[in-house]
Amino acid sequence: MAVTVSKVFDMKALNIGIITKLSLQTQPAPSSIVNWVYDIPVSSAAVAASAFLHLQDFARNASVTDSKIGFGIDPKPSTLRISGTFRGSQDEFTSKIVPELLRGLPTPSSQSVKSLDWITSLTQLWGGPLQQPLSGYNAHDNFYAKSILVPESSPLTKAALTSYFNYIFTNGSHAPQPWFAELNLLGGPGSVINNPPPAAANAAYSGRGALWVVQHYSGVNSSPPKEVFDFVSGLNQALEGAMPGTTFGAYANYVDPELSAEEAHRAYFSADTYQRLVKIKKEVDPRNVFSNPQSVGM
């Protein structure tokens, strides 16, 4: 049975069915991609919050931000790493984008700006060879992750960012396990994620309208899991707790096993999307053959 893009998302959200073949419509690869990284030193939570507020303003500035640029921010106790790609020439990036991106920020401690072909750009972003074995693949990791979808209508506030970076400066250097945070841009001017083509507009994805997707990730190896859970949960709470009037979501691909089924449904889906998925579930899997602890309808 052939299905549309939206149906594929529905199947994934419901954990039903097995896709045996995918047919994709490809697009011409860009002639060049600019891969770029800037490490911004931050001496305090206040400096980090101020820097992030500028980057958030940059992300919403239609004079410099459009669908050609994508980036994320990786915060640490002493550094904000800003990295991304730009679908254009290196000259355009350095003359148009960089002056506004770095305006008012501390001088970068290191930087890299390279114009690359499409495959080399992807390889650099992945950090290794793109080709993977067809059998015997055994890469795995033990980790715990939480996520936040920040609405475009409610950008992160100074109070929330100050709370967040205070938590990182206070706790990040002695976390129970190696950890990272990523705040990746989803929205902004020209966002195709927030303005999808018609074939994907009704997909079971509730991140439309988000400005940032935040992932908080920590290894779970030798430390007691509760210490890891508490640390990662503290990162989320530092942001969300300082914006009590905002309804945040979560990203279903960063599964949080600590959420109950009801909590997961509220976080991952809008009310309308969830009711549509429940209807499909009752029609195609009434015996709940395909299930997990956070399944729709559980």
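The axes of H2 and helix H3 (residues 90-102) come within 9 Å and cross at roughly 145 degrees, with axes fitted to C-alpha atoms, for helices over the stretch in contact, and angles running from 0 to 180 degrees between N-to-C directions. This is a predicted model in which local features need pLDDT of at least 70, side-chain atom pairs count only at pLDDT 80 or more, and totals for chains, interfaces and linings use all residues. Residues are numbered from 1 along each chain as its sequence is written, and side-chain values use heavy atoms, leaving out hydrogens and water.

**H2 and H3**
- In contact (heavy atoms within 4.5 Å) are His 54, Leu 55 and Phe 58 of H2 with Ile 97, Glu 100, Leu 101 and Leu 102 of H3.
- This contact of H2 with H3 comprises five nonpolar residues, one polar and one charged.

**H2 and H5**
- Helix H2 (residues 45-59) and helix H5 (residues 158-171) have axes that come within 8 Å and cross at roughly 135 degrees.
- From H2, Ala 45, Ala 48, Ala 49, Phe 52 and Leu 53 meet Lys 158, Leu 161, Thr 162, Phe 165, Asn 166 and Phe 169 of H5.
- Eight nonpolar, two polar and one charged residue make up the contact of H2 with H5.

**Residue classes**
- Ala, Val, Leu, Ile, Met, Phe, Trp, Tyr, Cys and Pro count as nonpolar, Asp, Glu, Lys and Arg as charged, and the others, Gly among them, as polar.

**Helix and strand assignment**
- Helices (H or I, at least four residues) and strands (E, at least two) are DSSP runs, numbered from the N terminus.
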